Amino acid sequence: TGLCTCEANYRLTDCSLLCPVSPSSLLTCGGHGTCNSAGLCECSGQFSGTTCEGCVMGWYGESCDLQCPGGWVNPCSGHGICNGGTTGDGTCSCITTPLMYYGESCQHLCTCSGHG
């Protein structure tokens, strides 16, 4: 019929495009997504990245199913950086300049004028 039937993980009309494969797991889309007709990964859950091996910002854990303190919409209350990703532990590193924030989710502002 003149149409190609592509092998698994190959796309385009001539089957010339290989879907993204994770270099660490050697799985298509890291095993955390599917390859669309354009040869791009569509990640499942809170996974992200070209090969679906990272977590969406504000999420962490091996399965990207744990929210950073402060929630995924506003991780670390917007006053710090969450140790996210698949190897992260969800702890916040709070901003200390020019204002100093503290707390599990950097939710408190220090009012000691820098001398206490």
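A disulfide here is a pair of cysteine sulfur atoms within 2.5 Å. By this rule the count is 8 disulfides. This is a predicted model: local features need pLDDT of at least 70, side-chain atom pairs count only at pLDDT 80 or more, and totals for chains, interfaces and linings use all residues. Residues are numbered from 1 along each chain as its sequence is written, and side-chain values use heavy atoms, with hydrogens and water left out.

**Cys 55 and Cys 64**
- Cys 55 is joined to Cys 64 by a disulfide, S to S 2.0 Å.
- The S-S torsion of Cys 55 and Cys 64 is about -85 degrees, so this disulfide is left-handed.
- Cys 55 is buried at 14% relative accessible area (buried means under 20%, exposed over 50%, partly exposed in between; 1.4 Å probe, protein chains only).
- Cys 64 counts as buried at 1%.

**Cys 43 and Cys 52**
- A disulfide links Cys 43 and Cys 52, with S to S 2.2 Å.
- The torsion about the S-S bond of Cys 43 and Cys 52 is about -90 degrees, so the link is left-handed.
- Cys 43 is partly exposed at 26% relative accessibility, whereas Cys 52 is buried at 0%.

**Cys 76 and Cys 92**
- Cys 76 pairs with Cys 92 in a disulfide, S to S 2.1 Å.
- The link of Cys 76 and Cys 92 is left-handed, with -95 degrees about the S-S bond.
- Both Cys 76 and Cys 92 are buried.

- Cys 4 is in no disulfide; the nearest cysteine sulfur, that of Cys 15, lies 4.6 Å away.
- Cys 4 is partly exposed, at 46% relative accessibility.
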